[in-house]
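Here's a quick tour of one structure, with the cut-offs spelled out along the way. Have a look at the model first.

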Amino acid sequence: NRGDAMNVLITGSGGFIGRHLMDAVPTDWNTDSATLDFDLAIHCAAHVKVAESRTKPSIDVESLDALTSVLECFRIKRFVFLSSGAVYDGLAGGVHPRVPVAPLLPYAVCMYAAERLIKHARSIGIKAKAFFILGYPGETKAEMQQTVDWAAGADLDWAFFFMGQTLPGTEIDTICRKNGYLLDPNMDYRY
């Protein structure tokens, strides 16, 4: 019975993250309803070819326009925005709420603008959640603590923390295998 289901809008469901999210949608989520009212929106839509950002910045601006349209056109109770570490491009050391950000890459500029737009959305009653991944190769315990401290100081309704994991064939998998970081290099870490 989908009548009791939570109405969920997932943007970018054809992309890598959105597609995997759709594969794991809980049974009490209704993602195919024709409505303007959503209990939850998860915004995964973004320009995926970051390298093209320098030569085709209009594509990134279109992603920002799409986010604006979602916020203006639908009534959303809770909103999850998947940003990018690219907004911290050029920074050295830990990131926390007092670190000034000044991204230059058009992709990163638009992601940062989207984060600011989400902050505005909170002022009109949309809840803010953030997801953090810790433990990437080269990340120190002190840097992980800085991330946790940043999240604690951010204006969030919820913060979720996950350990980084490798997927076969990805750049991070190659780095982990090359440096012997995997406990069991034969294990399929997708499951």
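## Ground rules

This is a predicted model, so local features need pLDDT of at least 70 and side-chain atom pairs count only at pLDDT 80 or more, while totals for chains, interfaces and linings use all residues. Residues are numbered from 1 along each chain as its sequence is written, and side-chain values use heavy atoms, with hydrogens and water left out.

Helices (H or I, at least four residues) and strands (E, at least two) are DSSP runs, numbered from the N terminus. Buried means under 20% relative accessible area, exposed means over 50%, and partly exposed is in between (1.4 Å probe, protein chains only).

## Helix α3

Helix α3 covers residues 106–123, and its 18 residues should span 26 Å at 1.5 Å a residue; the expected span is 1.5 Å times one less than the number of residues. The end C-alpha atoms of α3 are 26 Å apart, which agrees.

Which residues of α3 are buried? They are Tyr107, Ala108, Cys110, Met111, Ala114, Ile118 and Ala121. These cover an arc of only 160° around the axis, so they sit on the same side of α3 (the arc is that of the directions from the helix axis to the C-beta atoms). They pack against α2 (57–73) and β4 (75–81), where contact means heavy atoms within 4.5 Å. After α3 comes Gly125, with a positive phi near 100°.

## Salt bridges

Take a salt bridge as a side-chain nitrogen of Lys or Arg within 4 Å of a carboxyl oxygen of Asp or Glu, and the count is three. Asp37 pairs with Arg75, with the closest N and O atoms 2.5 Å apart. This pair links distant parts of the chain, since Asp37 is in strand β3 (residues 37–43) and Arg75 is in strand β4, 38 residues apart. Asp37 is partly exposed, at 37% relative accessible area.

Asp39 and Lys77 form a salt bridge too, their closest N and O atoms being 3.3 Å apart. Asp39 lies in β3 and Lys77 in β4, so this pair ties together parts 38 residues apart in sequence. Lys77 is exposed at 55%. Asp173 bridges to Arg177 at 2.9 Å between the closest N and O atoms; both lie in helix α5 (residues 171–178), four residues apart, about one turn of the helix. Asp173 is buried at 6%, whereas Arg177 is partly exposed at 36%.

## Cysteines
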